[in-house]
Each structure stands twice: as C-alpha cells, then as structure tokens.
Amino acid sequence: RPVKVLNLFAYTGGATLAAAKAGAAVTHVDASKGMVNWAKENARSSGLGDAPIRWIVDDCVKFAEREIRRGNHYDGIIMDPPSYGRGPKGEIWKIEEAIHPFVKLCAQLLSEEPLFYLINSYTTGLAPSVLTYMLSTELLPKYKGSVCSDELGLPVTESGLVLPCGASGRWESGER
C-alpha cells in the first residue's frame, strides 16, 4: 500500500531519505531553512532528487497543529527533537516539558492503520523508560502493536565502555 511518513525535526534528512528509498511519500519538516536546503542537497546526491518528498520549513508544533486541522494523516512518524530550542518568535522548546504533549499531539496525525512511530533523542536525561511510557500511553489504547526503547551510546575503544548519548523509542504495529 502507499505509505506516508512524517519526519519532524528532520535536520539533514537521513531518515527522510531512508523512508523515501523504501518507497514512502515523505513530509520533511525542520524550522531551519539551511537544514532543509542541506537535506534537499543530500537527496539529490543520493539519487532521490525526484522522490516524493515535501520539504517544509516550519515550527514542528505549529505544523502538526495545522495538519490536524487539515485532516492529514500519516502511516509513520519519525521525530528527533532537540533538547532545547527557540522558535521564530522566541518560543522556547525544552524537551523535558514539551515532549509528552508533542507525542500526544502527533498521535492524532496517525492514519487508521499506522505502521510506526519513532522518537530519537540525544538528551541524556531522557531515559528509555520515559519514551516507552509516552508511546505506550498515547498509542497502545488505540492501536495494536508493541513498544520498545533503548539507550543510545557510543562505544569507547580504550575502555570498552559505552558513552551514553540519549534514547530511542519505537512503537510498531506488527504489520509487515
């Protein structure tokens, strides 16, 4: 089936390009015009210049609110929110305060038969269990599937240890 994916806080487009390469129509949203231009260049360099990608320079929260009003839905959502940021009018984003309301807001954008919802965060204070809780409480009551989360880290060759770098959480429908 045709698949629509929304990539929020999409930066230079790695996830956008992976989804487009897999055949999805992707909406790429980032507040930085420079990042969106860089992502477009990455698409061209990757042979995906003509892929079905909508490039949007906008505040992700405001974009999501408008998409809900428009009645638009997506089969997959990917987000990589910053720990801290400022919107174009000085709005402040602090992940500790904003992430759960944003996850709840974006859950309204999922189609009737969604495939996945991914959250990636390089905020070291945001534990994987928090992502599991948010995804479970916002998605499992309405959609079948499963939730898993894990810590992100970089291996340190000298010590053999892993340097914690954040967390990643995923809800998936189980549909293949």
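1. Which residue of strand 4 does Val5 stand opposite? In this predicted model, the residue facing Val5 is Gly76 of strand 4. The two strands concerned, strand 1 (residues 4-8) and strand 4 (residues 76-79), run parallel and are joined by four bridges.

2. That pair belongs to an open sheet of seven strands, arranged in the order 3-2-1-4-7-9-8 with mixed pairing. Strand 3 (53-57) and strand 8 (146-155) form the edges, each of them pairing on one side only, and from one strand to the next the twist averages 15 degrees.

3. Helix 2 (residues 33-45) packs on the sheet, where it touches strand 2 (25-30) and strand 3, and its direction makes about 160 degrees with that of strand 3. Helix 5 (residues 128-139), for its part, lies across strand 7 (116-121), strand 8 and strand 9 (162-172), and runs at about 155 degrees to strand 8.

4. In helix 3 (residues 60-70), the buried residues include Cys60, Phe63, Ala64 and Glu67. These residues lie on the same side of helix 3, because the arc they cover around the axis is only 100 degrees. In an α-helix, residues three or four places apart point the same way, since there are 3.6 residues a turn. Among the elements that cover the buried residues of helix 3 are strand 1, strand 2, strand 3 and helix 4 (95-107).

5. Both ends of helix 3 deserve a remark. At its start, a side-chain oxygen of Asp59 comes to within 3.1 Å of the backbone nitrogen of Val61, while the residue that follows helix 3 is Gly71, with a positive phi near 80 degrees.

Definitions and conventions: Residues numbered from 1 in each chain as written. Predicted model: local features only at pLDDT ≥ 70, side-chain atom pairs only at ≥ 80, totals over all residues. Heavy atoms only, no water. Pairing = 2+ DSSP bridges. Axes fitted to C-alpha atoms, helices over the stretch in contact; angles between N-to-C directions. Contact = heavy atoms within 4.5 Å. Buried < 20%, exposed > 50% of the residue type's maximum accessible area, 1.4 Å probe, protein only. Arc of directions from axis to C-beta. Polar contact = N/O pair within 3.5 Å; in protein donor to acceptor, adjacent residues only side chain to side chain.
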